[in-house]
Amino acid sequence: MKKRWWHDKTAYQIYPKSFRDSNGDGIGDIRGIIEKLDYLKDLGIGIVWISPVYRSPFVDQGYDISDYYAIDPAFGTMEDMEELLAEAKKRDIAIIMDLVVNHCSDRHEWFQKALKDPFGPYGQYFYIREGKNGRPPCNWRSYFGGSVWEPLPGRANLFYLHMFAKEQPDLNWENPKLRKEIYKMIRWWLEKGVAGFRIDAIINIKKDLRFRDFPADREDGMCAGTAMLACAHGIMDFLTEMKREAFAPYNAFTIGELFDFDRQELKRYIGEDGCFESIFDFSPHLLGGSDHGWYNRKPVTIDQFRDAVFASKAVSQEIGMMANIIENHDEPRGVSRYLPEDGRNERGKKLLAGISLMTFGLPFLYQGQEIGMTNKQFHAIEEADDICTLDEYQTALEHGYTREEALNLAARMSRDNARTPMQWSKEAHGGFTTGTPWLPVNENYQEIRVDEQEIRKDSVLNFYKQLIALRTDPDYGETVVYGKQEPIFQELSDFMGFFRKGKEKTLLILANIRREPRTVELPLTIKRVILDNCAAGLKPGSPISMEGYQFLVLEC
Ligand code: TEU
Ligand code: CA
């Protein structure tokens, strides 16, 4: 694998609205991020992705952009952004922005002009089509519920396409003028000093232009819009052009968010000839999913989780480095989702951290993960802010669940779980704001908070620091970053074991993912315990006995 500057880094996602509020208006902001750069540096972070801070009406929390060249006043000013870039640079932290170019906001001037003149040049920036006698052109369902087609106001039988909310019209990538506008905008930000981009929902930019009906997958007569993606060919033309025209001249770091792509084609996305530097590894997150909605998701076992990670790494480590995540702003908190109930404690959280950081890949943390933040408690659906949660709640109701059941089902996967304010201290609202936070802080902020974990040696936070430091460790760094990953003990249940075989060192990683202890027969002799989440130590020889939820990194 050709070495890249970012391979030994650890990355961190900031959801700016909930990270740190510097002026007491209840909304996190860019100055708040600047305040916390030293915290990130101390954690060992080398790359920071900031979710969208562009001007936006916030129908989808900034993923609906009305001006790509402006900072939303809720987050600060362009000067704040420039200062953030300069301050991050001083600390050797690369800042990457969110690139949301599958769609924009319906308030964007392009769309406003398209509304005025659907057949004019800006109409060509979007997908505007005739309906079937006033009904949508086809039966695709949007990600957030309802048809992907919305009537164009004041125009009989004309519709525009939106894969996400109706306030997020899809941009027409088939139009070379639109593509040029986007590349120009990307270069403008790279010129300003951003190191690259996390690229939102990018697989959606290529449509099957036949816009035909698919067999319905729910009683609503519609079919998930994603079904179309398998029939949409030729996305690589767009992606390689974008790389050539926008990213490559600046050597930008790019990380794609893709769900529906052909795993056989990974080589085209990452690695030496890939159109991106990296993409997120969502293999564990896809487990248990259902076409019918969140209410119908299946529980995921530890063994399924492990096998999904192994299967993904077996392919990707031959090609390039994907990014390991356990959660982000769209997913529930990993510790609430993947750990069995009796393991949702500090020991279990360290184990999950260990798995995520010791498997082959670029570790990508989400704010609050490093202190083991957990899902939010929902008492009523009115507490939900996220459009996706509200839609999934409705879907559950429509399928006969009671309001209480529907609430619990929606809460399990809600995107608000990870969007509650960062828990900095035991002060009001976790020290996130001196005002009233836009989304209430998690009720457990007194127990789970940064200031307490910073000074306690055996905290989750300090375990993360140790794991992160291993990537640049003079003795073990090469093995942790590039060592070949080989599974072992796959026949055991509720257990995850693997080697990382580097040029000079071999590490053995063992995770006993259950409450009961167990003994494990080791195939090699152990030279040293590098990390242990139990501080239980290890007696020489084999078999070894492992405690419940013990996690070990051993040198053999
Ligand atoms: O997410 C893309 C995406 O596919 C998600 O909608 C995902 O299916 C869903 O969140 C699962 O609950 C990106 C952003 O990360 C997300 O926050 C945005 O809402 C979305 O794009 C639209 O921009
Ligand atoms: Ca603020």
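Trainee: Which residues of H14 are buried?

Mentor: In this predicted model, the buried residues of H14 are Ala-406, Leu-407, Leu-409, Ala-410, Ala-411 and Met-413, where buried means under 20% relative accessible area, exposed over 50%, and partly exposed in between, with a 1.4 Å probe and protein chains only. The helices and strands named here are DSSP runs (H or I of at least four residues for helices, E of at least two for strands), numbered from the N terminus.

Trainee: And what covers the buried residues of H14?

Mentor: The cover includes helix H11 (334–338) and helix H13 (387–398), on a contact rule of heavy atoms within 4.5 Å.

Trainee: OK, on to H16: how many of its residues are buried?

Mentor: Nine of the eleven residues of helix H16 (residues 460–470) are buried, so H16 is largely enclosed by the rest of the structure. The buried residues are Val-460, Leu-461, Asn-462, Phe-463, Tyr-464, Lys-465, Leu-467, Ile-468 and Leu-470.

Trainee: Next topic, helix packing. How do H3 and H5 cross?

Mentor: The axes of helix H3 (residues 78–90) and helix H5 (residues 176–192) come within 10 Å and cross at roughly 55 degrees, which makes H3 oblique to H5. The axes are lines fitted to C-alpha atoms, for helices over the stretch in contact, with angles running from 0 to 180 degrees between N-to-C directions; under 35 degrees counts as roughly parallel, over 145 as roughly antiparallel, 65 to 115 as roughly perpendicular, and the rest as oblique.

Trainee: Which residues meet there?

Mentor: From H3, Met-78, Met-81, Glu-82 and Leu-85 meet Trp-188, Trp-189 and Lys-192 of H5. By class, this contact of H3 with H5 has five nonpolar, no polar and two charged residues, where Ala, Val, Leu, Ile, Met, Phe, Trp, Tyr, Cys and Pro count as nonpolar, Asp, Glu, Lys and Arg as charged, and the others, Gly among them, as polar.

Trainee: How many salt bridges are there?

Mentor: The count comes to 43 salt bridges, a salt bridge being a side-chain nitrogen of Lys or Arg within 4 Å of a carboxyl oxygen of Asp or Glu. One of them joins the side chains of Asp-60 and Arg-415 at 3.0 Å, N to O. This pair links distant parts of the chain, 355 residues apart, with Asp-60 in the loop between strand S3 (54–55) and strand S4 (67–71) and Arg-415 in the loop between helix H14 (403–413) and helix H15 (450–455).

Trainee: Are those two buried or exposed?

Mentor: Asp-60 is buried, with a relative accessible area of 7%, and Arg-415 also counts as buried, at 7% relative accessibility.

Trainee: What coordinates the calcium ion (ligand 2)?

Mentor: Its donors are Asp-21 (OD), Asn-23 (OD1), Asp-25 (OD), Ile-27 (O) and Asp-29 (OD), at 2.2 to 2.4 Å, and along the chain these donors follow the spacing D-x1-N-x1-D-x1-I-x1-D. Donors are N, O and S atoms within 2.8 Å of the metal (3.2 Å for Na, K and Ca), and because water is not among the atoms, sites may look incomplete. Asn-23 is exposed, with a relative accessible area of 53%, whereas Asp-25 counts as partly exposed at 40%.

Trainee: Last one, backbone: where is the cis peptide bond?

Mentor: The cis bond runs from Ser-542 to Pro-543, with omega near 0 degrees, and Pro-543 is found in the loop between strand S20 (528–532) and strand S21 (544–546).

Methods
Residues are numbered from 1 along each chain as its sequence is written. Chains are lettered from A and ligands numbered from 1 in the order in which they are written. This is a predicted model: local features need pLDDT of at least 70, side-chain atom pairs count only at pLDDT 80 or more; totals for chains, interfaces and linings use all residues. Side-chain values use heavy atoms; hydrogens and water are left out.
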